[in-house]
Amino acid sequence: MEKFNTALNIAKKQPNLGVGLVALLTAGGEQIFSSVVFRCPCSELNFLYGLVFLLVPALALLLLGYILNKRTWKLLTGVCSRGAKCTWRKLVAAVLVLLQISCTALVAPSSWIAVALLSGNYYECAMTGTNVSTFNKHLCENKMPQCEKQLLSLPCGRGSLVPQADREDILLLLRAQSQILGWLLIASIMLSNLLLTCVARCTSPISYLQLKFWKAYVQEESDQMDSYTTKHAKDLAERNLSSFFKQMAPANVTTPSNKDWEKISALYKFSTKDQYYSTLHQYVEHHHMPDGGLMRMVSVKSVESNDNNPAVLTFVDEGAAAL
């Protein structure tokens, strides 16, 4: 378990490695699932059974990707926060963040579908159960007359009147179609990812090195936030328990107010004028000190215009932006 947690921590700190690990684990899970669980019924349920095994696990992985992504809940609470004014700019920004989250969440389901199509088992089962006469005639072209009625039993290899050679030809054709679709899916995913990355790089208002620094900062802030919240919650719990059992006045423990929590939980739009790297960074720089002064870090200021921010840089949270 310790080694597994170490691997997860490495994946979190290396977004590209984490995406590759998710795809690899999904592909391995699909292979195990296909060999152990999947059994084509060779009946009228062929189409539904094959389609369910191909798409439903992918849908479950997609929903799981949304649920496990911290940015999903930060987006939801930021958009639905009390007293927040709903403007079209915020809605557009929220949609762009949702697209970034979706790009990450789609890694596992797309990997599942691609690997499943390359193996061909689900596709073979589903397509032998279709009621499309034109497709069935295409499969049984130049075959015996009973071929179309015997398609349902072909994946099982038993109880079929179709000769073995014709059966292998039909299954080979279905497997070839499935693998073609699988490679087309992989190519389209890679091409779209390349195009989106190129657009993001070309329209970025900041340099590549600054972007790397930004990602490193946001990831480090997220890790430190987890550490600080755990420690502060522990101190507060110990203080309350000590006060309760010892029946004495509680010690002073400073805790951020609800308003402060809402401020650092809100979605943040990057600005080239005020180069804050997160909502927490922005809050700290604008927060009033007890003496009435303001905490400022002049070194991050810029005189550049704020009107040319590309969509992909609207928000960067949790160090996993699709850039």
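Predicted model: local features only at pLDDT ≥ 70, side-chain atom pairs only at ≥ 80, totals over all residues.
**Overall build**

The protein contains 12 helices and 0 strands, so that reading along the sequence gives the pattern α-α-α-α-α-α-α-α-α-α-α-α. Of its 323 residues, 33% count as buried. The accessible surface comes to about 20,400 Å², and 65% of that area belongs to carbon and sulfur atoms.

In soluble globular proteins, nonpolar side chains tend to be buried together. In this model the largest nonpolar core has 23 residues, and those with the most contacts inside it are Phe-38, Tyr-122, Leu-139, Leu-151, Leu-154, Ile-170 and Leu-174. Several helices contribute to this core, with at least two residues each coming from helix 3 (46-68), helix 6 (107-119), helix 7 (121-127), helix 8 (133-139) and helix 9 (164-202). The largest share, 4 residues, is supplied by helix 7. Apart from this core lies another one, of 6 residues, which includes Ile-206, Leu-211, Trp-214 and Val-218.

Which residues does Ile-170 touch, not counting residues up to four places away in sequence? They are Leu-139, Cys-140, Lys-143, Cys-147, Leu-151 and Leu-154.

**Helix 9**

Helix 9 has 39 residues, and from its first C-alpha to its last it reaches 57 Å, which is close to the 57 Å expected at 1.5 Å a residue. The buried residues of helix 9 are Asp-166, Arg-167, Ile-170, Leu-171, Leu-174, Gln-177, Ser-178, Gly-182 and Ala-200, and what covers them includes helix 6, helix 7 and helix 8. The C-alpha of Asp-169 is 9.5 Å from that of Cys-140, although the two residues are 29 apart in sequence.

**A nonpolar patch on the surface**

Some nonpolar residues lie on the surface instead: Leu-59, Leu-63, Leu-64, Ile-67, Leu-68, Trp-73 and Leu-76 form a nonpolar patch there, with about 700 Å² of accessible area together. Helix 3 and helix 4 (70-79) each supply at least two residues of the patch, and the largest share, 5 residues, comes from helix 3.

**Salt bridges**

How many salt bridges does a search of the whole structure find? The search finds 3 salt bridges, and the table gives each pair with the distance between its nitrogen and oxygen atoms.

| Pair | N to O distance |
|---|---|
| Lys-70 and Asp-226 | 3.1 Å |
| Glu-124 and Arg-175 | 2.9 Å |
| Lys-231 and Asp-235 | 3.2 Å |

In the salt bridge between Lys-70 and Asp-226, Lys-70 lies in helix 4 and Asp-226 in helix 10 (residues 208-246), so the pair ties together parts that are 156 residues apart in sequence. Lys-70 is partly exposed, with a relative accessible area of 44%, and Asp-226 is also partly exposed, at 37%.

The salt bridge between Glu-124 and Arg-175 likewise links distant parts of the chain, since Glu-124 is in helix 7 and Arg-175 in helix 9, 51 residues apart. Glu-124 is buried, with a relative accessible area of 8%, whereas Arg-175 is partly exposed, with 28%.

Lys-231 and Asp-235 are 4 residues apart in helix 10, and therefore they are separated by about one helical turn. An α-helix has 3.6 residues a turn, so residues three or four places apart point the same way. Lys-231 counts as exposed at 55% relative accessibility, while Asp-235 is partly exposed, with a relative accessible area of 31%.

Conventions. Residues numbered from 1 in each chain as written. Heavy atoms only, no water. Core = buried A, V, L, I, M, F, W, Y, C linked by side-chain atoms within 4.5 Å. Buried < 20%, exposed > 50% of the residue type's maximum accessible area, 1.4 Å probe, protein only. Contact = heavy atoms within 4.5 Å. Expected span 1.5 Å × (residues − 1). Patch = residues over 30% accessible without salt bridge, like charges linked within 9 Å, V, L, I, M, F, W, Y side chains within 5 Å. Areas by Shrake-Rupley, 256 points an atom, 1.4 Å probe, with all protein chains shown as cover. Salt bridge = Lys/Arg side-chain N within 4 Å of Asp/Glu carboxyl O.
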